[in-house]
Amino acid sequence: CLGLCNSASITSDGTYEASNQEDLTIIQRSIHLGCELVKRVGNEVTLDFLVNNNERETEDYIVLHELEFSSERKRMGVILENKDGRVLLFCKGAIDTLMERFESKADEKNCEECTLMLEKENSTLRMMACAYRDVTDEWEEYQILRNKYLDEDDRHSLKELEQGLSDVLEINMKYLGALGIYDELQEEVPATINKLKKAGMKIAILTGDRTNTAINVARISGILKDENEDDSKYSVISPSRDLVEQFSEIFLKGDDNFVVLDSQVFGMIYDEITENPDGELHQRFKDVLWVSPGIIGTRLMPIQKAQLVEIAKN
């Protein structure tokens, strides 16, 4: 999965290049796991594997289609044909997103256990899972429908078919493994954060990462100090409790609690205040943003980050 589900290619001098640093890091590290990308020309891909007794084997694949990563999908998929004529889907992406699409509860449990193990080693890692599925039959059906719509010049049906492809294929997948990526802080980040705090500025982390990861990044960057120190206080907003009640509780605590909310909670807040801008929830949310030293938003999509910034500005 790591060797196939990425944007990496091989340059004329034999080095790797990719459209983003994440894919480049993954393809370089996969060599240490015994899997090396040795060819990517057009839609042809060749991997070199380390097998038993230090022997190596090569596998050739034909790339049939790519399901591109987006901030909404939070995953990337690639559909390939192997030497036996089987069509396989490999997918990598955010842990929470892929766990919803695993074949079994056992896969979900294995993924969660692996994630907890990685977090124990380094709590600031950005987690990612890998999965696959044999989609030979589904791909054949897709091609039949696609050719039919092309022959009939039915562009509307063809567009709907292509847009729905991921929902048909990226389900009931088998868990392969999980990995963590460490995004190193730039130099002087903690010192800069400290100066901003001393100047009385409110600080926000708006990220697509998991809540635990975001909180720990806040600690190492100096936004939150060590969990035993007073200014490490934060309140995680729960989607299962009344939001007005929770914000009222935080407001009464004073000005030393960071607010932590995820995409689900913010979606609930935004829908409510959009529908009822003069309602109690909007007022309580603004009260908390006013008294709190900052906010940590997690699992947010880009549009949600912009919406949250706009609310804070107003």
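**Sheet, cores and salt bridges of a predicted model**

Apart from residues up to four places away in sequence, Thr136 touches Arg86 and Val87, contact meaning heavy atoms within 4.5 Å. The structure is a predicted model, in which local features need pLDDT of at least 70 and side-chain atom pairs count only at pLDDT 80 or more, whereas totals for chains, interfaces and linings use all residues. Residues are numbered from 1 along each chain as its sequence is written, and side-chain values use heavy atoms, with hydrogens and water left out.

Thr136 is found in helix α4; helices (H or I, at least four residues) and strands (E, at least two) are DSSP runs, numbered from the N terminus. With a relative accessibility of 13%, Thr136 counts as buried. Here buried denotes under 20% relative accessible area, exposed over 50%, and partly exposed the range in between (1.4 Å probe, protein chains only). The side chain of Thr136 also makes a polar contact of 2.7 Å with the side chain of Asp134. Such a contact is a pair of N or O atoms within 3.5 Å; within protein, one must be able to donate a hydrogen and the other to accept it, and residues adjacent in sequence count only if both atoms are side-chain atoms.

Seven strands form an open sheet in the order β3-β4-β5-β6-β7-β8-β9, with antiparallel pairing; two strands pair if DSSP finds at least two bridges between them. At the edges stand β3 (35–41) and β9, each of which pairs on one side only. From one strand to the next, the twist averages 30 degrees. Strand β6 (residues 75–81) runs antiparallel to β7 and is joined to it by seven bridges, with Gly77 opposite Cys91 of β7. Helix α4 packs on this sheet, where it touches β5 (56–67), β6, β7 and β8, and its direction makes about 75 degrees with that of β8. Helix α3 lies across β8 and β9 and runs at about 15 degrees to β9. For these angles, axes are lines fitted to C-alpha atoms, for helices over the stretch in contact, and values run from 0 to 180 degrees between N-to-C directions.

The largest nonpolar core has 27 residues, of which Ile79 and Phe102 touch the most other members. A core of this kind is a set of buried Ala, Val, Leu, Ile, Met, Phe, Trp, Tyr and Cys residues joined through side-chain atoms within 4.5 Å. At least two core residues each come from β7 (87–93), α2 (95–99), α3 (105–121), β8 (126–134), α4 (136–151), α5 (155–163), α6 (165–169) and β9 (174–181). Beyond its neighbours within four places in sequence, Ile79 is in contact with residues including Ile62, Leu64, Leu89, Trp139 and Leu169. Another core, of 24 residues, lies apart from the largest one and has Leu24, Leu47, Leu179 and Ile181 among its members.

The N-terminal end of α9 is capped by Asp242, a side-chain oxygen of which lies 3.2 Å from the backbone nitrogen of Val244.

The structure holds 20 salt bridges, each defined by a side-chain nitrogen of Lys or Arg within 4 Å of a carboxyl oxygen of Asp or Glu. In one of them, the side chains of Asp96 and Arg210 meet at 3.1 Å, N to O. Because Asp96 lies in helix α2 and Arg210 in the loop between β10 (203–206) and α8 (211–220), this pair ties together parts that are 114 residues apart in sequence. Asp96 is partly exposed at 32% relative accessibility, while Arg210 is buried at 14%. Both residues belong to a network of salt bridges that links Asp96, Glu119, Arg210 and Arg299. A further pair, Arg56 and Asp48, meets at 2.2 Å, N to O; Arg56 is partly exposed at 41% and Asp48 buried at 14%. Within helix α3, Lys105 and Glu108 are three residues apart, about one turn of the helix, and their side chains form a salt bridge of 3.9 Å, N to O.

Positive phi values occur at two non-glycine residues described here. Lys74 has a phi of about 55 degrees, is found in the loop between β5 and β6 and is buried at 16%. Asn172, with phi near 50 degrees, is placed in the loop between α6 and β9 and is partly exposed at 42%.
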